[in-house]
Amino acid sequence: MKKTAIFLLACLAFATGCNDEFLDTFPETQINDDTFWKSASDLQVYNNQLYASYFATKGFRGGFNAGILTDDNLSDNSFVQSPEDVRLGINTANTPGREDWDWDLIRDINQMLENSAASDIEEAAKNPYIAEARLLRALEYYDKLKLYGKLPIVDHVLTDTDPLLYEAQSSRDEVMAFIKSDLDFAVQWMANTAESNRFTKDIANAYRARIMLHEGTFRKYHGLGNEQVYLQAAAESAEALMNSGNYSIDVNGDYNALFANMNLVGNDEIVFYRDYDDALQIYHNASNVLTHTEGTEFGGTKSLINDYLCVDGLSIEESPLYQGDATIEDEFANRDKRLAGTFAQPETYFVDGQLYLNSDPIGLSSNESSPSGYQVAKFYNEEQDRTAPWDRAYMDAPLIRYAEILLIYAEAKAELGSITQADVDMTINLLRAKAGVADLVLNQGSIIDDVRRERRVELAFEGFRYDDLMRWKEGLKLTEPVLGIRFNSVDIANYDAYEVGSDVKLNNEGYIISDQAYLFDENKNYYFPVPVNELSLNPNLEQTSGWE
């Protein structure tokens, strides 16, 4: 089956500009409503800008922030040379970190929904495009809900005198009912197949599964209640994809080949991807971010490395196959194939005989280095890295992988307490087969931890880990010491030139350790503050709990 991708082509801007109202109202639309909104093709053309607006920040993005590759820098997966304020726990209401109090896209979507509802286009012709818009609205809303916990519900185009401009936020329950209504409509009306770059029913179900799992687990671990409804919805939507026959896991395939892929079209492990293309001049720089950013500024953490199992299915604490970590070769021996598919060892990928640290006292002979010794290789494509200019890479970016769908199903069933060995076999054990790891035998007492471990290693450096810690109420993991490789003369270039304590800092056991002070306030850091300027514009807005 042909898999669906999203291009971000230049789209006609139907409405531009904003004033200083807290919901960023727009001037009157430039569309002539008397002549537009007359056909399904009008709706399709209008929706193109909605896709472009939402997905502009998805995939690899640009600059040093390579999107899905570097989003894990907020989490305990990544040892970052210069952590952002959010990772350090020092962001404030004046500098709120992941601020996204912007309502431009919501207005554009509502404009489409109002005008299409009032049009004479037949329901069967217009509803699939309404479904596209409502799915995008659900995605945009949930992105915001994860940040703030409650939001104003804006379900129509606002005028300058609309009372909603100065109302307080609706509750999380009300906002989730609004989001779920959009998701349910999208699943009902989305086409089974679509033109390239457009949503399908499978994609709607995939996003519904992702959001429902997040909301269900967030509610469970934060004590908000009603989690069963969302977890059941997550399992149902994931199961719809699993029963579709459209996707499969290639258990004989190479793990990293899935990410270093120039063209994901037709790949049965991909549900949805962002299509980058040389001919269309749609580029990113993810490959070069791995190797050429004045020495790569991030690497893996010892915490993440330790979560990869040995091939016998046992942890490094339990398995007789574990060779220890005196060298990286020992550490990677007899381990889950995803470990070597995510991180470079000497004489693999772009690394020569030894690993370079950013703090090398001799000076880097190349830009291929990391602060931790665990240099990320996931998404590395040699052709792109060696030949493409800095910002001219065009490997495709997987936005939804079938592996994630399997993990959603397993986690939802585990959280519901209804998972069976058959469920494990058709989800986790498929992924383990590809990774060369022995099957998991269901243990109801440890299954939630087993699923979480599987999710961490399968989706590492794809931008999920921070959100996962937030929904599981595991924010304190972000305060744990951030460790790298065991400092050793075999692996580390110019080992003898380092002055311990100055050029490199080690803990008592000889592992590289970050000297940053990591903080996480359980009373407020699960959410982000509403920017103070927005509170000034609308005094009825409530500041996020803990940030008052």
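Good morning. I begin with a helix pair: the crossing of H1 and H3 is left-handed, meaning that the near helix is turned anticlockwise from the far one by less than a right angle. The contact (heavy atoms within 4.5 Å) involves Leu43, Tyr46, Asn47, Gln49, Leu50, Ser53 and Tyr54 of H1, and Leu105, Asp108, Ile109, Gln111, Met112 and Ser116 of H3.

The model is a predicted one, in which local features need pLDDT of at least 70, side-chain atom pairs count only at pLDDT 80 or more, and totals for chains, interfaces and linings use all residues. Residues are numbered from 1 along each chain as its sequence is written, and side-chain values use heavy atoms, with hydrogens and water left out.

H1 and H3, the latter covering residues 104-118, pack at an angle of about 160°, their axes 10 Å apart; axes are lines fitted to C-alpha atoms over the stretch in contact, and angles run from 0 to 180 degrees between N-to-C directions. The two helices are therefore roughly antiparallel, a label given to angles over 145 degrees.

Among the buried residues of H1 are Leu43, Tyr46, Asn47, Gln49, Leu50 and Tyr54, where buried means under 20% relative accessible area (1.4 Å probe, protein chains only).

I turn now to the strands. Of the 5 residues in E3 (residues 270-274), 5 are buried. E3 pairs with E5 (residues 397-401) in the antiparallel sense over 4 bridges; pairing requires at least two DSSP bridges. Isoleucine 270 has arginine 401 of E5 as its bridge partner.

Finally, glutamate 383 lies in helix H12, residues 382-387.

Note on methods: Buried means under 20% relative accessible area, exposed over 50%, partly exposed in between (1.4 Å probe, protein chains only). Angles under 35 degrees count as roughly parallel, over 145 as roughly antiparallel, 65 to 115 as roughly perpendicular and the rest as oblique.
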